[in-house]
Amino acid sequence: MATVPVLIERLDHARDLPLPRYESDQAAGLDLAAAVEADVVLLPGHHALIPTGLRIALPADHEAQIRPRSGLAAKQGVTVLNSPGTIDADYRGEIKVILINHGSASFTVTRGLRIAQMVVAPVAHVSWQECTDLPESVRGEGGFGSTGVTGPKA
């Protein structure tokens with residue numbers, strides 16, 4: 001795997017929290033911890049902006065995507081509201097995560113709780129080539145379920 005050097009600053013309210021890290025050798029995402037000063041209770045259907053206490057400086061040709069943690073989503077119904085959230089290479093503010101509780105019970109965000117994962121990925125900028133007629137494709141204009149919902153027939 002390629003290694004991308006990224007500058008990271010731990011803000012005062014996160015000095016005691018670990019830096020984001022991969023939790024397995026082949027993990028794609030680095031876990032982000034909540035840098036809340038006090039517990040934040042998310043009632044069912046409610047959302048909150050949770051600080052991480054981190055600022056980063058990505059290389060100009062990269063972004064960071066903020067994604068849900070599958071365990072929180074599957075077990076608690078808690079996910080990232082604007083998933084995936086995007087951190088652009090020129091953003092220098094604190095990384096914050098918008099969590100929403102889709103579950104049926106209240107969920108408490110505690111200090112240091114791993115709340116989301118961050119995936120750093122390369123970015124390609126497009127060069128528009130305007131035309132008056134796009135080339136045809138097998139799929140054509142089919143969308144929104146046009147490929148079906150079951151696997152191929154045996």
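Because the model is predicted, local features need pLDDT of at least 70 and side-chain atom pairs count only at pLDDT 80 or more, while totals for chains, interfaces and linings use all residues.

**Stop 1: the largest pocket**

Select Ala2, Val4, Tyr22, Leu30 and Val120, which are the closest to the centre of the largest pocket among the 20 residues that line it. A pocket here is an open set of points, on a 1 Å grid over the protein atoms alone, with protein on both sides within 12 Å along at least five of seven lines, whereas a cavity is a set of points where a 1.4 Å probe fits but cannot get out; lining residues have an atom within 4 Å of a point. The space in this pocket is about 550 Å³, where grid points are joined across faces, edges and corners and a volume is the space filled by probe spheres set on the points. Colour strand 11 (residues 114-122) next, since the largest share of the lining, four residues, comes from there; strands (E, at least two residues) are DSSP runs numbered from the N terminus. The lining divides into 16 nonpolar residues, three polar and one charged, with Ala, Val, Leu, Ile, Met, Phe, Trp, Tyr, Cys and Pro counted as nonpolar, Asp, Glu, Lys and Arg as charged, and the others, Gly among them, as polar.

**Stop 2: the second largest pocket**

Move to the second largest pocket, of about 150 Å³, whose lining includes Ile66, Val80, Tyr91 and Glu94. Strand 8 (85-87) and strand 9 (96-101) are the elements that give two or more residues to this lining, which consists of seven nonpolar, three polar and two charged residues.

**Stop 3: the cavity**

Now select Arg10, Ala14, Leu17, Pro18, Pro20, Leu32, Ala33, Thr52 and Leu54, the residues that line the largest cavity, which has a volume of about 50 Å³. Seven of these lining residues are nonpolar, one is polar and one is charged.

**Stop 4: aspartate 31**

Centre the view on aspartate 31 in strand 2 (residues 30-33), which counts as buried because its relative accessibility is 11%; buried means under 20% relative accessible area, exposed over 50% and partly exposed in between, with a 1.4 Å probe and protein chains only. Show Arg114 as well, as the side chains of aspartate 31 and arginine 114 are joined by a polar contact of 2.8 Å. Asp31 also belongs to a network of salt bridges that links Arg21, Glu23, Asp31, Arg69 and Arg114, a salt bridge being a side-chain nitrogen of Lys or Arg within 4 Å of a carboxyl oxygen of Asp or Glu.

**Stop 5**

Finally, select glutamate 9 and arginine 55, a salt bridge with its closest N and O atoms 2.8 Å apart; glutamate 9 is in strand 1 (residues 7-10) and arginine 55 in strand 5 (residues 54-57), 46 residues apart. Then select arginine 111 and aspartate 16, where the corresponding separation is 2.6 Å. Arginine 111 is partly exposed at 31%, whereas aspartate 16 is exposed at 57%.

Conventions
Residues are numbered from 1 along each chain as its sequence is written. Side-chain values use heavy atoms; hydrogens and water are left out. A polar contact is a pair of N or O atoms within 3.5 Å; within protein, one must be able to donate a hydrogen and the other to accept it, and residues adjacent in sequence count only if both atoms are side-chain atoms.
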